[in-house]
Amino acid sequence: MILTKRLLPVVGVMGIAALSACGTSSTSSSSSGGGGGNLASCQGTFTVATDLPLTGGDATDGPPVEKAAHLAVTQALANKTLGGCTLKYVSKDDATVLKNGHDPAQGAANITALSGDSSVVGVVGPFNSSVAVAEIPIASQNHLPLISPANTNPGLTQAGTSASIDTNSLYPGVHSYFRTIGTDITQGEILAYVATKELNFTKAYAIDDQETYGKGLSTFFQKSFTADGGTIVGTASLPGTTKQFQTQVADAQSKGAQVIFFGGTSGNGCGILRSQMPASIPELGGDGCQDNKFITDAASNAAGAQVTSAPDASKLPTATKFYSDFKSTYNEDGTESPYTPYGFDGMNALIQAIKAVLTANNGQPPTDPMTFRDSVAQQLHKLNYPGATGTVAFDKNGDTTQPGFSLYTINGTAWAPKQLLTADASGKVTVAS
Amino acid sequence: MALMEINNMVKRFGGLMAVNDVSFAVDSREIVSMIGPNGAGKTTAFNCITGLYPITTGDVLFDGRSITGQPPHRITRLGIARTFQNIRLFSFMTALDNVMVGAHSWMSAHVWDSVIKSPRARADERRVTDRAHDLLDQLGLSRYAGAYARELPYGLQRRLEIARALATQPRILLLDEPAAGLNPQEKKELMALISRLREEGLTIFLIEHDMRVVMEISDRIVVLDHGVKITEGRPLEVRNNPQVIEAYLGHGAAERMADA
Amino acid sequence: MSDETTASAARATAGAIGHGTLVDPRGLSARTDRAGTTRPAVVRTLAFLRKLYGLVQRYFPQFLIAGIAFAILKVYANGGLTLMGAQIKNALVLGAIYALVAIGYTMVYGIIELINFAHGDVFTLSGFYAFVIAGLSGGAIGSLATHSGIGLLLALLIIFPTTMVAAGFTGVVIERVAYRRLRDAPRLAPLITAIGVSFLLEGLMLVIFGADNRPTKLSSWITGRAVRVAGVDVNWKDIFVVATALGLMFSLGAFVRITTLGKAMRATAQDRSASLLSGINVNRTISATFFIGSALAAAGAIVYSINYDLIQWNLGYQLGIIAFTAAVLGGIGNIVGAGVGGFIIGVISVFGGQLAGGEWSNSLVFAILVIILTFRPVGLFGVDVTTRA
Amino acid sequence: MPRLGLLQRPQPVTPQAGPRGSGTSTFWIFSLGSAMLLLMSWLLPWFVRPTSSGVGYSPMDVVTSSPTGIGTILVYILAVTMLIMVLSPVLEIAYRLRKEATPRRFDTLRGIAAVIGLVSTVAVFVLARIMREEPLFGQIDSHSITDSAVWLTMAGYIIAAVTYGARQRVTHRPSLAFGAVALPFGLLLPLMFHQAPDFILWAAESLAVYMLLALGLNVVVGFAGLLDLGYAAFFAIGAYTCASLASPKHSIHLPLWVLIFLGAAVASMFGAVLGAPTLRLRGDYLAIVTLGFGEIIPDLATNNVGKLTGGPDGISSIDQPALGPIHFGTNKEWYYWSLLVVVIVVIILLRNLERSRMGRAWVALREDEVAAAATGINTTSTKLLAFAIGASISGIAGAFYGSIVTVVTPQDFNFSVSVSILSMIVLGGIGNITGVIVGSFALTFVIFWVLQNLNEWSGTLGQTINVPTLGNLNFSQYTYIVYGVTLILMMLLRPGGLIPSRARQIELKSGGEEESLAAVQGRA
């Protein structure tokens, strides 16, 4: 009786695998078949989840990433990446109406709920650094792997780099946090390089949106800008609800600022600031500004903004397939947010880690959910996976091993990547392309 | 010695002198009435004495101590209780609760006692409840104990207000037109009540329009007109004072009266 | 039942009142008040606080004006004439919008003593009306406006009346549905309803127009620099905003003073029941008040869109409170006061933001709100009744 | 002998009349509540898992599959009795509309249905727990939803049985009946959903915390009649105090059980301090001043005053307490239970207070400030006490909130939080503790559970029936509309709330002009 029960799915799975291999031979490149034959005997359903801002003021950020991550799950299921085991996909929204966007408390509640569900083995998210600050300790206590496609604040992983984050206190349990994107240290260095070396500015005015991400990025930019020989003529820190920036713009102008830097997201006023600035002064910003919302907000004044953001993957040969799959699944380009492929890679990294755990465990999931989660985290550290954005691998802090950012400018009515820049450990910026 | 003494009290509203340099005294266990035409400043004087209005200049002495500038609740605690011209009961509290509110300042239970319902608070509540029932009982209101104050007939509302004032354990009771709106029978009962209160040791100071009531019960009468005290004396003296007649009936009235 | 009746009847027949002691003998003893033992230090502190309260109450306008003057001079000292000029321009533009919204608060409060909490959201809603109306003809109005000077005038002549009338009717409907039934209820009932209306409007706008701020595309209507004074670019837009606000305010002032309806409004504000007796249609007068107040908020929303090119569902909440602050600053019920209050608040938030940092400008306005309501609820220009004594 | 006027008066009002309206409301709320629970127990599995595979206990399964085992038959019986119970209020309303009383037979039938339903529910529950076997139910899955549905059915039936079985008692002693139903229901709530961590979190974070907040605000608004629109500020003060003292922020780690008292003390202090300037103000001005404070306090936190608050990111990694071997971080239901104990204690203490000299003083103040002052009530200290006590309760709520959520940010305490608490007490009944509990339950359930989960449910439904656009519906954006409509409708139609305190109801309908002592003195 037991034998037949075990055998049946094996036969079924093999049949489907063979069929899919025949039908679409190109799909199996990343899933690398069923791995060990013992994976096929795998039994069980695990849950993978995303936690991203999907509604409210952040609705332009989260949904494409969520779709990309969902796509990764769908493909893994179709490809039987985990053999006989199946994946359940849960999408959590960390935005609330009362905050009109991402809400750390909601994020914490989501992670708490996901942690409480013993079938959950990993989460892709969060998007915002302030949410990460709330979520990481809970995930750490519950051994739950978190893979962020968009958190750039270095204080999340590297102690002593952020004034507002006590990194060590974020990990009361195990270290289970990873990210597929570089940190603001790199981003700040690159932005300062662009401002001083490429645009030849010496006076900058820095505004931030008071959040973890924005304030952090602004601090790193100021540091690097000063180090590169520039002067910060003034700073301002304004709540995300701010709609009038004239006071600060006038202040900046009177202090002779050649460029205004905005550390923050377009939901918190990056584009509105641009619309209220004189066209003659350019605006410089980080990845939080690089979205369509910026362009609609900035309206006729949009040109003249330069921002760095996640490396543009849309031209990478490794990402071609992702973008075509995305297009065929959702009938959207997936290019409006550079983070989209990072969500895809994050989820794939998670699935690959799960697969590695299963393979190492003779095709069966560890019985204790905590052990399972711990093993997934360990496998993530070891991972070296060819993703859409390049090789996905994490260092001991959980940071990506290939930090880099692209510089984007407004070209007509859309963002256009100008160049890819990377920075080494000493802060030396090189133009990669 | 006078229980309550008002010295040169002045109350000014903008340019209007509502009470202008009024002085008089009320002795212990005396019934003193204050009369005067509408707008003479009687109620204003009441409000000044009980601390609802700050006095512009002048002084109010109670039992030899100045109470000028004290907040109303402290004046009440010192022993001055009052009723209002237009009845001000707590309409949505029961009659019993109204009286119990009167005893508020004589309850010793601290907030903490109330919160945890300590034995002290219970004893306190019981004592005050008993006393309130007793007061209602004696004033013929016991069957209304559980009714909202607004549900009481008008005459009984007046009586309930007196009960509430009595619950504050006053030494002097200030009644603002207690007979207003009462029928003759009720007025008679009111006069009996006031006499009895005096017999029990209370001092009464009242404003009243009803001359029959005033003349019958008052020991002394203070007459106010346009904020100024025009005379003071025993009922008979006041009744025949031409100034008073003039104040009530207009200029020349006294002569006409004398002629008639 | 019958027992009780006979009992009380028996008691009643014994006399008006029952037997026993009415006067608590303890009450007849002389007593010193517990508070009489207050320590002198406490007494002195209280006296000092009272004196301070009195001082602030009496000299609040002087303090405020001195503070503003100091702030302006400080900015001048720090950043020179250009910065000061630029900030004054910003303050006037912001103040003009606050003033237009504040008038609605002040009129409604003046006439029915209701803090129309939803007024800020009527402002936002009007912004969306303008957005919709401008977009209705497939952007024809917009292209008309950007075509030529006369085209712009035409476009403004279309958008202002339509939006203002739509907003006015919204205000009237709100009053009719939510407030009228509660006109004689205690003050707090309509206030709670007003908060409800505010939330309902915000919710509806959120659902219909989405959570993001919507560029209204009106900013391209008026462009260009009018004049450059001391290094400050004064744009046509800025002039337009301030001129519209002042124009509307003066016409409203004239309207209230001259017309029959205006007189009816003033009469109703003075004494509603007396107005009713003297033949004024109070309901219609109140409706008219709501109509005018909402229409002015709509005008504010249009100039806001032209100047800032954005509207967002929850914009009205904070702007509403700031405008309300302006209204109480000018003395609630006082139309001119509300206008002046709007400009003062504009100056406070801009210069306060410049000096203390932008993150403090909201707190500053709220602190003004708390101080003015606590110390001088009659506002800057109202004569305090206590000082008359 | 003179006859007394007293005797000629018409029928005196007897004190025993009592608040009848309140009892009837309680009865109807119970009816509605049980009907909702029963409906939910049916609909929940259907919504969440539209496929009949895996869920044995779903109405869809009952409808689509042929009866085989005892279990299925039991479920059929249950279904019929449920239908009767759910429909009976409808029938009752139909009769009421025709101004007729429901026939006695109807009561009997309903009683029988209640008993049979109760028995079969218990039977289903026990069978499902003991033997998860095929012959009984078809396929039984230990899925959370199955369990929840069974628990919900049980709760619904118990309430229905109590309500209908003891109808007279419910109408006459509403508070007692309410306690008898609410207490066990409240205690069992986490068990009903013990496999749904979302729900436990809702119960702890939203329901229990907001209930506490609503009880606190009720002291200020309901008892003392002072409309406080910035109540979230005190919540913030409590939460920040406790977060600072139980997190790595300042490396201080005090246990929650100490912090509750500390939070209450600090918040009440602030309550008195911030209340002081409002003492002389009229009702609506007071409301706006408190609103101003409600805006300033989170602003101060955002601007990181004195480097205490951590700025816009707030304070994170807040400690989670343990009670012996139970670690609250992993067993969130213990938060709920401990909060429930706190809520019950607070309710008892508040009832004591309400019926004490302080309670009377508050009502007196609310009704007539001038008369209250003239009756010896210290208006200043009485008002401040209301602010302080109200704030102290929110301080307790804040301590728990920080601990449960593990992070506090200034945005958690904005105006909409104050309004949501206000909506709860307005919905339930201003000034009435029972009403406040009902109101906070109803609104937190709708806002923080139903609306939030509808997104997910409709998404799942959309996936299954191939209408993926269903997943794009965002129900939580209706939150503001729910609050707004609640406030407007309640004020217009039923100002006393669902379960009004009798006095408040009449008062709000036909109250006169309030006149504050300050206004009187201000005339001077």
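On a 1 Å grid over the protein atoms alone, a cavity is a set of points where a 1.4 Å probe fits but cannot get out. Lining residues have an atom within 4 Å of a point. Grid points are joined across faces, edges and corners, and a volume is the space filled by probe spheres set on the points. Rolling a probe the size of a water molecule over the atoms shows where empty space is left.

The structure is a predicted model, in which local features need pLDDT of at least 70, side-chain atom pairs count only at pLDDT 80 or more, and totals for chains, interfaces and linings use all residues. Residues are numbered from 1 along each chain as its sequence is written, chains are lettered from A and ligands numbered from 1 in the order in which they are written, and side-chain values use heavy atoms, with hydrogens and water left out.

By the cavity rule, ten cavities of 30 Å³ or more were counted. The volume of the largest cavity is about 200 Å³. Its lining holds 19 residues, and those closest to its centre are A:Phe127, A:Thr265, A:Asp287, A:Gly288 and A:Tyr339. By class, five lining residues are nonpolar, ten are polar and four are charged. Here Ala, Val, Leu, Ile, Met, Phe, Trp, Tyr, Cys and Pro count as nonpolar, Asp, Glu, Lys and Arg as charged, and the others, Gly among them, as polar.

Chain A has 13 helices and 17 strands. Helices (H or I, at least four residues) and strands (E, at least two) are DSSP runs, numbered from the N terminus. The radius of gyration of chain A is 22 Å, close to the 22 Å that the globule rule gives for 433 residues, so chain A is as compact as a globular protein of that length. This radius is taken over C-alpha atoms, and the globule rule is 2.2 Å times the number of residues to the power 0.38. Along the principal axes, the C-alpha atoms of chain A fill a box of roughly 85 × 45 × 40 Å. Of the 433 residues in chain A, 61% are buried. Buried means under 20% relative accessible area, exposed over 50%, and partly exposed in between (1.4 Å probe, protein chains only).

A disulfide is a covalent bond between the sulfur atoms of two cysteines. The criterion used here is a pair of cysteine sulfur atoms within 2.5 Å. Over all chains, the search found two disulfides. One is formed by A:Cys42 and A:Cys85, with sulfur atoms 1.6 Å apart. This pair links distant parts of the chain, 43 residues apart. A:Cys42 sits in the loop between α2 (28-31) and β1 (45-52), and A:Cys85 in the loop between α3 (62-79) and β2 (86-93). The torsion about the S-S bond of A:Cys42 and A:Cys85 is about -80°, so this disulfide is left-handed. A:Cys42 is buried at 2% relative accessibility, and A:Cys85 is buried at 4%.

Another disulfide joins A:Cys270 to A:Cys289, with an S to S distance of 2.0 Å. The link of A:Cys270 and A:Cys289 is right-handed, with 95° about the S-S bond. A:Cys270 is buried at 0% relative accessible area, and A:Cys289 is buried at 0%. In sequence order, the bonded cysteines of chain A pair as 1-2, 3-4.

Some backbone details were also examined. The peptide bond from A:Gly125 to A:Pro126 is cis, with omega near -5°. A:Pro126 lies in the loop between β5 (120-124) and α5 (129-141). A:Gln210, a residue other than glycine, has a positive phi near 70°. A:Gln210 lies in the loop between β8 (203-208) and α7 (212-227) and is buried at 3% relative accessibility. B:Asn8 also has a positive phi, near 50°. B:Asn8 is found in strand β1 (residues 2-13) of chain B and is partly exposed at 41%.

Technical notes
1 Å grid on protein atoms, 1.4 Å probe; cavity = no way out; pocket = protein on both sides within 12 Å on 5 of 7 lines; lining within 4 Å.
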